[in-house]
Amino acid sequence: MQQKTRLKYFGIGKILPYLKNVKNQILMMVALALVSSVGDIILPLFQRYALDHFVGQNTLDTIVPFILCNVTVILILAVVNYVSCAQATTIEMLVNRDLRQRGFEHLQTLSFSYFNQNSVGYIHARLMSDTSRIGSLVSWTLIDCTWRVSYLIGAIFMMLTMNARLALMVFAIIPFVAVLFSLFQARLEGVNRDVREINSRITGNFNEGITGAKTIKSLAIEEKMKNRFREETNTMRRKSVQASRLRGAFSGTVNLASSAALAIVLWKGGYIALEEMGTFSVFMSYAQGMMEPVRWLVDIVSELITTQVNIERFINLLNVKSDVVDTPEVTQKYGDCFQPKKENWEPIRGDIEFRDVTFQYPDGEETVLENFSLKIPFGTHLAIVGETGAGKSTLVNLVCRFYEPTEGTLLIDGRDARERSQLWLHSAIGYVLQTPHLFSGTVRENLLMGNPDATEEQIMEAIRLVSAEDVIAHLEKGLDTDVGEGGDLLSTGEKQLISFARAILADPRILILDEATASVDTMTEAKIQAAMESVTAGRTSLMIAHRLSTVRNADLILVVKNGRIVEQGTHTELLAKKGYYHELYTRQYEDEATAKILA
């Protein structure tokens, strides 16, 4: 029970379930460390024999077997140490790989709310920095701990066997070390937790400084970003220095006590040196050899406290539950996002229905929809319009099951969407974002993300449907052109057309365009508009639009204001009402006309 408490206290018990894949390697490494410690305990006995026999009795009668045995032990130790170090390196890499893979896979299952509430830097620190510390703990720290603790126990046993009285005088230091540990432990834990949290913020600042480089320069806020980063690093410096001072005070005090123990050996042990020179020599070797494990154990306490924070933060990440989850019954039939059971998937037609839906975002502060009902038959071209921040994306997020209704039901093809898996639904949705994102690689590789089995003819047909032929033709290597990280080697318009083609290549039954023309140039917008009629045919399409000129041909327009749907109808019907849509359309038309005149 006490051992379990210690493991739980340092957080090690929490990470054990994730180390099953390296269990055998860890056991082998521990066994090798034990062999190494036994060898190091045996070596001083050769010294004792040499002094008592060769020197004390002035004879060399057993010198040959003595040398052979001594060399054999040394060679065995050399091989064991080499293999154990190689094993520790292997374990460290395997643990890092497994934990990062486990964390990354878990992130794929989380809903949008988690990523809205946590920065990239925070998440990056969990997956990279924290797992690195855990990997080091499981490998190098564990092998050191095994060797040093076993050596310490062996040395204590040998000392008690040789001279129990003198050994007990040396061991009197242990209660003193225990008191020091209790005094320093709480403060070290708090300071190290602060250091790790500050490190996460610094990582986040690094990320913002790199991904937001263009924005920083365009706003001329280099000085502000520098000062913010300097403030964080200064805080990191202060906390790190504080932690180092605590560790230094702790280590220095214990080292002083350890030196006092060695002084006791020299003082009292001198009396036995005249009669038992070999025994005194071995006693001194063990006493000196004990000092390093004692000092290491002092230091490792601080490291365990620090790593406890890393373990807690990584486990907390794995314990985060998604706001949107499939029931066990659904997962059993349809599979999950990593192991889908596509043979059980029913074909999706594309009928959508909101039935008495009420929705609040996870913070629960605002009701966006309340008792909302709407049928969107297959083939409908639905537009959702409103001012920026009005809540246009809410309906789309519910259709995609990025969020679940707080009350009521969302039906797909007449069935509650929760009765089938998220991946089943997502596989039938094509989504074109306002800010397009391409993955590192070539244009072809990005297009195939939408349909890995697509033929060359299907790829070219998707490109033709979105009027992207000219874009591909002007690229240096055509479809095999590298797009760079996030597609940064292409213009925004080029990225948008490629992401549009990627969505179409998947042949989705439900197509969602989230202000797809808001961030592109006039030429690209014209191409997308020209493609709309052909790409929406035979699909249910939902278009979030800011420019109202793009929704005139929609079958149904929903007008959103302050998170609520205030009007719905066709373009002609809404203009005739002279309501909020008429006001938005008139204002936008006047702004565009004024801009043309000024131009």
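The following conversation goes through a predicted model and asks what stands behind some of the words used for it.

Colleague: I am new to this structure, so what does the protein chain consist of in terms of helices and strands, and how many of its residues count as buried?

Modeller: The model is a predicted one, and its protein chain has 21 helices and ten strands. Of the 599 residues, 46% count as buried, and residues 24 or more positions apart account for 77% of the contacts with a separation of 6 or more.

Colleague: Why are helices α3 and α4 called roughly antiparallel to each other?

Modeller: The axes of α3, residues 23-55, and α4, residues 63-109, cross at roughly 155 degrees and come within 9 Å. Angles over 145 degrees count as roughly antiparallel, and α3 and α4 are therefore given that description. By class, their contact has 21 nonpolar, seven polar and one charged residues, and α3 passes α4 in a left-handed crossing.

Colleague: What makes α4 roughly antiparallel to α6, and what is the hand of the crossing of α4 and α6?

Modeller: Helix α6 covers residues 120-162, and α4 packs with α6 at an angle of about 155 degrees, the axes being 8 Å apart. Since an angle over 145 degrees counts as roughly antiparallel, that makes α4 roughly antiparallel to α6. The crossing of α4 and α6 is right-handed, and their contact has 14 nonpolar, nine polar and two charged residues.

Colleague: How do you know whether V535 counts as buried or exposed?

Modeller: V535 has its place in helix α19, residues 522-536, and its relative accessibility is 0%. Buried means under 20%, and V535 therefore counts as buried. Apart from neighbours within four places in sequence, V535 is in contact with L465, V466, F500, I504 and L511. The C-alpha atoms of V535 and A501 are separated by 9.7 Å, although these residues are 34 residues apart along the chain.

Colleague: What makes β2 and β5 the edge strands of the sheet of four strands?

Modeller: This open sheet has the order β2-β1-β4-β5, with antiparallel pairing, and β2 (367-376) and β5 (415-416) each pair on one side only. Strand β1, residues 352-360, pairs with β2 over six bridges, where F354 has L374 in β2 as its bridge partner. On pairing with β4, β1 forms five bridges, and E353 stands opposite L411 in β4.

Colleague: How do you know that β4 and β5 pair?

Modeller: Two strands pair if there are at least two bridges between them, and two bridges join β4 to β5, which run antiparallel. The bridge partner of I412 in β5 is R415. The two strands form a hairpin with two residues between them, and D413 in the turn has a positive phi of about 55 degrees.

Colleague: Why is D413 called partly exposed?

Modeller: D413 lies in the loop between β4 (407-412) and β5, and its relative accessible area is 23%. Buried would need a value under 20% and exposed one over 50%, so D413 is partly exposed. Residues up to four places away in sequence not being counted, D413 touches P347, I348, R349, G350, D351 and R420. Between D413 and I348, 65 residues apart in sequence, the C-alpha to C-alpha distance is 7.1 Å.

Colleague: In the sheet of six strands, which strands stand at the edges, and why is one side of each left without a neighbour?

Modeller: The open sheet runs in the order β6-β7-β8-β3-β9-β10, and its pairing is mixed. At its edges stand β6 (429-432) and β10 (564-569), each with a single partner strand, so one side of each has no neighbour in the sheet. On average, neighbouring strands of this sheet are turned by 15 degrees against each other, direction ignored. Strand β7, residues 510-514, pairs with β6 in the parallel sense over four bridges, and I429 stands opposite I510 in β7. Helix α18, residues 492-505, packs on the sheet and touches β6 and β7, its direction making about 175 degrees with that of β6.

Key
Residues numbered from 1 in each chain as written. Predicted model: local features only at pLDDT ≥ 70, side-chain atom pairs only at ≥ 80, totals over all residues. Heavy atoms only, no water. Axes fitted to C-alpha atoms, helices over the stretch in contact; angles between N-to-C directions. Parallel < 35°, antiparallel > 145°, perpendicular 65-115°, else oblique. Left-handed = near helix turned anticlockwise from the far one by under 90°. Nonpolar A, V, L, I, M, F, W, Y, C, P; charged D, E, K, R; others polar. Buried < 20%, exposed > 50% of the residue type's maximum accessible area, 1.4 Å probe, protein only. Contact = heavy atoms within 4.5 Å.
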